[in-house]
Amino acid sequence: MLSNPLIAAFDEEKAEVRGKITEANGTPVEAVSVGIPSLSKGTFTDKEGFFSIKNLPSGSYQISFSEIGYKTITQTILLEPGQKLELNLIMEPDVAELNAVYIEAPALTDRSTLPDIDGAALYANKKTEVIAPERLDANLSMNVSRQVFAKVPGVMIWENDGSGVQTGVSTRGLSPNRSWEFNVRQNGYDVSSDPFGYPEAYFNPPLEAVEQIQVVRGAASLQYGPQFGGLLNYVIKKPTVGKKISGELSNTLGSFGMRNTFIGVGGTAGRWSYYAYANSRSAEGWRQNSRYNIQNAYINLEYAASKKLSLGMELTAMDYQSQQPGGLSDSLFKIDPKRSDRSRNWFGTPWLVPVLKAKWAIDEQQVIELKVFGLMGERNSIGFVNAVTQPDSFNVSQGRFANRQIDRDRYGNVGTELRYRGSLRVIGLKTTLAAGLRYSLGTTLRQQLGRGDAGFDFNLNLQEERFRRELRFENRNFAAFAEWHLRLGNRLSFTPGLRFENLNSSAEGRLNLNADGSEQRIENLNRTRSFVLAGIGAGYKLSYATSLYANFSQAYRPVLFSDLTPPATTDVIDENLKDAGGYNLDLGYRGRLGSFLQFDLSAFLLRYENRIGTIRQINATNTSSFQLRTNLGATESRGIESFVELDILGMIKKPKAGQLLVFASATVMEARYTGFRTNSVSGTSPNLRLVESDLKDKKVEYAPDHIVRWGLTYRLKGLSVTLQQSRTTEVYTDASNTELPNAAATTGKISAYSLWDASLSYLFMDKYRFTAGLNNLTDERYATRRAGGYPGPGLLPGEGRNIYAGLSIRF
């Protein structure tokens, strides 16, 4: 009788791996994660260091042993049917010695999560995502966000222009405006204009230089401070181990004259290590009047003063000039979205970020990190910024165009963060403490409403003696924070935390000039406040590769400079104006099944209280009205965020055929106002009266009900090909949920859109890589936002179909 191999496999006597894990002195190591990833089998050591994994089929497998504070061990084992394999191992403490070289981590997939502990930071029981841009099939040369963030569910994207230099992303119904609802950092330090008064991110690094993009949702507020969106951190590449010099050179060409050159070099020599890059990108742009030129440079230099102490510096520089094609009316958009009626508008943002840093590994359980950072940047614009209903036309009687408007910001920031992380036992339980102190001073000089020339080029030549508006803003911040990771056995853990904030904001200067030349001034507006944020996380490991997590964290958004600046002399700022506050709540299930499936399924609730707005009021004599800027209401966003990726060929055990990956990243969300007071005025003086209403149950602006991205990737040896679809449902662009657009195209619903992107990469001879792609395959006509000022005003079209191809070499 012929035997059935399938039945034989089930009837085969199962094997077992068991043993004991100790330190070199024989002390048992408890709670070690012991896993065989390819079988999705795992366990933890008990208090005596013993472990056992039963019911294993015969074969060759990788088994790993990992625990915080110890070096991970990975071994290959060969199991026979019925075998009981004994593995008694010694784990060495992971002494955080600091050499002049970097330890190379295993190759990441293009999407993963942060470890519980990373340096001096604690990420246990938080919702995190890590993107490895280098492993993506994506248009990195132009920072195409819908490809880069495809596997981060719920990312809403604004496209300000085609340059890709200003990434505008958000999650959970927050505003994507230059990512200002995220705490945007590079290598853990600030790079936005002013995190407290003007948190717009005019800078993000070229993605060819980025090793990781780390996203930590709202629970990041306790360790990183303001913004409801959480942390968005760009981690720059590091030197190759054991080489004095190595690097990469890439050139990419694309549609509409796009040219991109990137060179990165790094190395180690004795106690010294370094990495530097330079990047240049320019294009004529898809739309008329949308050419740009970007220059980036960076250097990181480190010195290992001893085995445990390293010192270093970083310097990042950018210079960026972009012609702004302006917005369109909805009717013009339907006729020709490439059209531009603004040929004289320009924008520029020179940026410089210097950093000094030190890292001291006190022992194998404790580390201290210090960063001292600064920022010197500008936001400069010149153009004709009237509504789209007013043409920028040649004045025949005057023989020239109208004078343009110049607006300038100058940012000067300095700050320092000191972080400590240590592990210790409390009443026999393993705990980890992450704590720190922060001080920062941010100064912004804002010059606006300047009379520029009537020309076409980019210049900042003021045609009058002074700007009509000239204001000085200052923010001083001191913060202290601590989070404590408490492990109750092998599976259950808690992470309570607190953050103390002290913030002083001041504003003074000239708001405008009257017709007679006298000044409308803001005199010494000064606000100081202190408060405490609290949060707690919990996690439960269902297996070594899957876990439940939950987190509640309070968050806040400081009063912005714009909130302290009345747009008209009759407007009034509430003297009791408060920072916006609220919280994020997460509950999720994530992990891996074998080597072929990874997932993260979660529910969230974001409560955003004390939202700031303007409301019409009547004076005491009922003779006139004015606008009061104050705290008016709250919003709630709730929904489901899900990510799943399956390797079909890995699941059916066909590794020789390559990888066939299918992923889906989706968010279903409802974001609404729970209450927001509005008023209108009726009657005539002196009998004016207020008519009150409420925005309760109105949808939050730019908060789609669904964001879905999915794709297929096939990989075989050096070849990788990806096809991806991104779909975003319709959004309202104002809190009143106006359906039809106004004449100026600054309000009105934006329709849903669906975009397809295709890309490939091919690695050959181990050092050459060819990349190519087609973005917006179907040439969809779409828009992501409306603007009331720069880069509009009006409806801003998204990019049409474009192609790119590049070649890079590693040396």
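Modeller: Happy to. The open sheet has four strands, in the order β3-β2-β5-β6, with antiparallel pairing. Strands here are DSSP runs of E with at least two residues, numbered from the N terminus, and two of them pair if DSSP finds at least two bridges between them. The edges of this sheet are β3 (41-44) and β6 (73-79), each of which pairs on one side only. From one strand to the next, the twist averages 20°; the axes behind that angle are lines fitted to C-alpha atoms, and angles run from 0 to 180 degrees between N-to-C directions.

Strand β5 (residues 59-66) is joined to β6 by seven bridges, and the two run antiparallel. Within that pairing, Y61 has I77 in β6 as its bridge partner. As a reminder, strands of a sheet pair through backbone hydrogen bonds, either parallel or antiparallel.

Residues are numbered from 1 along each chain as its sequence is written, and side-chain values use heavy atoms, with hydrogens and water left out. The pLDDT is the predictor's confidence in each residue, from 0 to 100; its mean over the chain is 90, and 96% of residues reach 70 or more. Residues 1-10 stay under 50, and the model gives them one contact (heavy atoms within 4.5 Å) beyond four places in sequence. Residues 96-108 are also below 50, yet this stretch has 32 contacts beyond near neighbours in sequence. Where pLDDT is low, the predicted coordinates should not be read in detail.

Strand β25 (residues 366-383) and strand β26 (residues 405-426) pair in the antiparallel sense over 18 bridges, with L370 opposite L418 in β26. On to the next pair: β26 and strand β27 (residues 429-451) are antiparallel over 21 bridges, and V426 stands opposite L429 in β27. These two strands form a hairpin with two residues between them, and I427 in the turn has a positive phi of about 45°.

Methods
Predicted model: local features only at pLDDT ≥ 70, side-chain atom pairs only at ≥ 80, totals over all residues.
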